[in-house]
Amino acid sequence: MGSVTGTQGLIGQLAVARTTLAPDGFVFVHGERWRATIDSGPSATAGETLRITGAEGLRLKVRR
């Protein structure tokens, strides 16, 4: 079985919000900045730790 790479390899990982996500913003994952959208619920503020739940192209989906 091969390793998972790209955005699919990030699913389940933790990301730190670098901007407010309401619902779109930016997160840092493994030292890289990614555009992200919060899945549901209230917006997230800069500094919050979020879980990556999916990806669409180069945009990550995250949740609190």
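**Close-up 1. Lys 61 and Glu 56 form a salt bridge.** The closest N and O atoms of this pair are 3.1 Å apart; a salt bridge here is a side-chain nitrogen of Lys or Arg within 4 Å of a carboxyl oxygen of Asp or Glu. Glu 56 is exposed at a relative accessible area of 52%, while Lys 61, at 30%, counts as partly exposed. For these classes, buried means under 20% relative accessible area, exposed means over 50%, and partly exposed lies in between (1.4 Å probe, protein chains only). Please keep in mind that this is a predicted model, in which local features need pLDDT of at least 70 and side-chain atom pairs count only at pLDDT 80 or more, whereas totals for chains, interfaces and linings use all residues. Residues are numbered from 1 along each chain as its sequence is written, and side-chain values use heavy atoms, leaving out hydrogens and water.

**Close-up 2. Strands S4 and S5 make a hairpin.** Strands (E, at least two residues), like helices (H or I, at least four), are DSSP runs numbered from the N terminus. Two residues sit between S4 and S5, and Gly 57 in this turn has a positive phi of about 65°. The two strands pair in the antiparallel sense over five bridges, where pairing requires that DSSP finds at least two bridges between the strands. Lys 61 in S5 is the bridge partner of Gly 54.

**Close-up 3. Asp 24 and Arg 59 meet through their side chains in a salt bridge.** The N to O distance is 3.3 Å. Asp 24 belongs to strand S2 and Arg 59 to strand S5, so this pair ties together parts that are 35 residues apart in sequence. Both ends are partly exposed: Asp 24 has 43% relative accessibility, and Arg 59 has 28%. How many salt bridges does the structure hold? There are three.

**Close-up 4. Glu 48 and Arg 64 join in a salt bridge.** Their side chains come together at 2.8 Å, N to O. Glu 48 lies in the loop between S3 and S4 and Arg 64 in the segment after S5, so the pair ties together parts 16 residues apart in sequence. Arg 64 is partly exposed, at 46% relative accessibility. Setting aside neighbours within four places in sequence, Glu 48 is in contact with Ala 15, Val 16, Ala 17, Ser 43 and Arg 64; contact means heavy atoms within 4.5 Å.

**Close-up 5. Five strands close into a barrel.** Which order do the strands follow? They run S1-S2-S3-S5-S4, with mixed pairing. From one strand to the next, the twist averages 55°; axes are lines fitted to C-alpha atoms (for helices, over the stretch in contact), and angles between N-to-C directions run from 0 to 180 degrees. S3 and S5 (residues 59–63) are parallel and joined by four bridges, with Ile 38 opposite Val 62 in S5. S1 and S4 are antiparallel and joined by three bridges, with Val 16 opposite Thr 49 in S4.

Close-up 6. Pro 23 sits in the loop between S1 (14–17) and S2 (24–29).
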